[in-house]
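Hi,

Here is the structure I promised to pass on. Have a look at it first, and then read on for what turned up.

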Amino acid sequence: SQQGEEDPQALSIQEGENATMNCSYKTSINNLQWYRQNSGRGLVHLILIRSNEREKHSGRLRVTLDTSKKSSSLLITASRAADTASYFCATDAGGGSNYKLTFGKGTLLTVNP
Amino acid sequence: GAGVSQSPSNKVTEKGKDVELRCDPISGHTALYWYRQSLGQGLEFLIYFQGNSAPDKSGLPSDRFSAERTGGSVSTLTIQRTQQEDSAVYLCASSQTGAPSNFGPGTRLLVL
């Protein structure tokens with residue numbers, strides 16, 4: 001069964017707007033990561049947040065983590081058409097099995113020029 | 001530098017045939033992973049290599065699936081007697097330590 005569940009499944013916005021995607025998970029985690037996948041391409045690692053962190057920034061990306069609610073959000077500010085892609089969250093349980101990522105089904109983001 | 005590469009990029013085969021998928025990890029990365037992405041699904045873990053050994057094969061869906069890694073580098077995922085439900089994108093990733101950091105472009109497998 002999927003550990004991460006992204007919400008919404010699809011999101012369409014105008015260039016310049018902010019995009020927020022959410023991820024919920026079921027069991028305790030060690031790390032949570034966000035990836036981007038352009039159509040027909042491999043995954044690109046965006047950002048990793050550890051279970052003892054609450055917020056992390058990288059350029060136009062902001063990730064939050066609420067372990068009490070078992071949820072994370074990815075905010076992309078000032079979106080661009082090039083941000084159009086599917087976004088996935090992935091969790092690992094640590095304890096020597098941090099290679100075994102559990103992915104959600106993703107959010108398809110469309111940024112209209 | 002060069003990223004993870006996979007070949008072929010696309011593979012169409014008939015049900016019952018065997019297929020081999022290849023992954024070339026980033027040079028120096030000791031960890032290598034195979035994941036599968038089925039239509040409308042998230043990625044699912046298949047197998048993890050540390051060097052040439054596979055400490056975790058728990059994600060392989062059946063005994064028709066096998067993988068090997070030689071010289072601590074190239075890995076081959078073999079699917080025997082393919083079934084239509086094997087159709088998916090097979091993604092390989094590598095890293096020096098920890099979780100997968102660099103994914104390849106994937107091999108799209110279609111079993112007719």
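So, to start: how many helices and how many strands does the secondary structure of chain A come to? The count is zero helices and 11 strands, where helices (H or I, at least four residues) and strands (E, at least two) are DSSP runs numbered from the N terminus.

Some housekeeping before the rest. This is a predicted model, so local features need pLDDT of at least 70 and side-chain atom pairs count only at pLDDT 80 or more, while totals for chains, interfaces and linings use all residues. Residues are numbered from 1 along each chain as its sequence is written, chains are lettered from A and ligands numbered from 1 in the order in which they are written, and side-chain values use heavy atoms, with hydrogens and water left out.

Chain A overall

The C-alpha atoms of chain A fill a box of roughly 45 × 30 × 20 Å along the principal axes. Of its 113 residues, 45% count as buried. Here buried means under 20% relative accessible area, exposed means over 50%, and partly exposed is in between (1.4 Å probe, protein chains only). Take the contacts (heavy atoms within 4.5 Å) in chain A between residues at least 6 apart in sequence: 56% of them join residues at least 24 apart.

An open sheet in chain A

Five strands of chain A make an open sheet in the order β1-β3-β8-β7-β6, with antiparallel pairing. Two strands pair if DSSP finds at least two bridges between them. At the edges stand β1 (5-7) and β6 (55-58) of chain A; each has a single partner strand, so one side of each is left without a neighbour in the sheet. Inside the sheet, β7(A) and β8(A) pair in the antiparallel sense over six bridges. One pair to look up there is A:R62, whose bridge partner in β8(A) is A:L75.

The nonpolar cores

A nonpolar core is a set of buried Ala, Val, Leu, Ile, Met, Phe, Trp, Tyr and Cys residues joined through side-chain atoms within 4.5 Å. The largest one has 22 residues, and A:L32, A:W34, A:L74, A:I76, A:Y87 and A:L109 touch the most other members. Among the chain A elements that give two or more residues to this core are β4 (31-37), β8 (71-76), β9 (85-92) and β11 (107-112). There is also a second, separate core of 19 residues, which includes B:W34, B:F65, B:L77 and B:A88.

How many disulfides does the structure hold over all chains? There are two, a disulfide being a pair of cysteine sulfur atoms within 2.5 Å.

One joins A:C23 to A:C89, with 2.0 Å from S to S. A:C23 lies in strand β3 of chain A and A:C89 in strand β9 of chain A, so the pair ties together parts that are 66 residues apart in sequence. Both A:C23 and A:C89 are buried. The torsion about their S-S bond is about 65°, so this disulfide is right-handed.

The other joins B:C23 to B:C92, with 1.9 Å from S to S. This link is left-handed, with -65° about the S-S bond. B:C23 sits in strand β3 (residues 19-24) of chain B and B:C92 in strand β9 (residues 88-95) of chain B, so the pair ties together parts that are 69 residues apart in sequence. B:C23 is buried at 0% relative accessibility, and B:C92 is buried with a relative accessible area of 0%.

A covered strand in chain B

Strand β4 (residues 31-37) of chain B is mostly covered: seven of its seven residues are buried. In a regular strand the side chains alternate between the two faces of the sheet. In β4(B), B:A31, B:Y33, B:Y35 and B:Q37 point one way and B:L32, B:W34 and B:R36 the other way. Seven bridges join β4(B) to strand β5 (residues 43-50) of chain B in the antiparallel sense, and B:Y33 stands opposite B:Y48 in β5(B). β4(B) and β9(B) also run antiparallel, joined by seven bridges. There, the bridge partner of B:R36 in β9(B) is B:Y90.

Two loop residues

Is A:N52 buried or exposed? A:N52 is exposed, with a relative accessible area of 64%, and lies in the loop between β5 and β6 of chain A.

B:S101 is in the loop between β9 and β10 (102-103) of chain B and counts as partly exposed at 29% relative accessibility. Neighbours within four places aside, B:S101 is in contact with A:H45, B:H29, B:S94 and B:S95.
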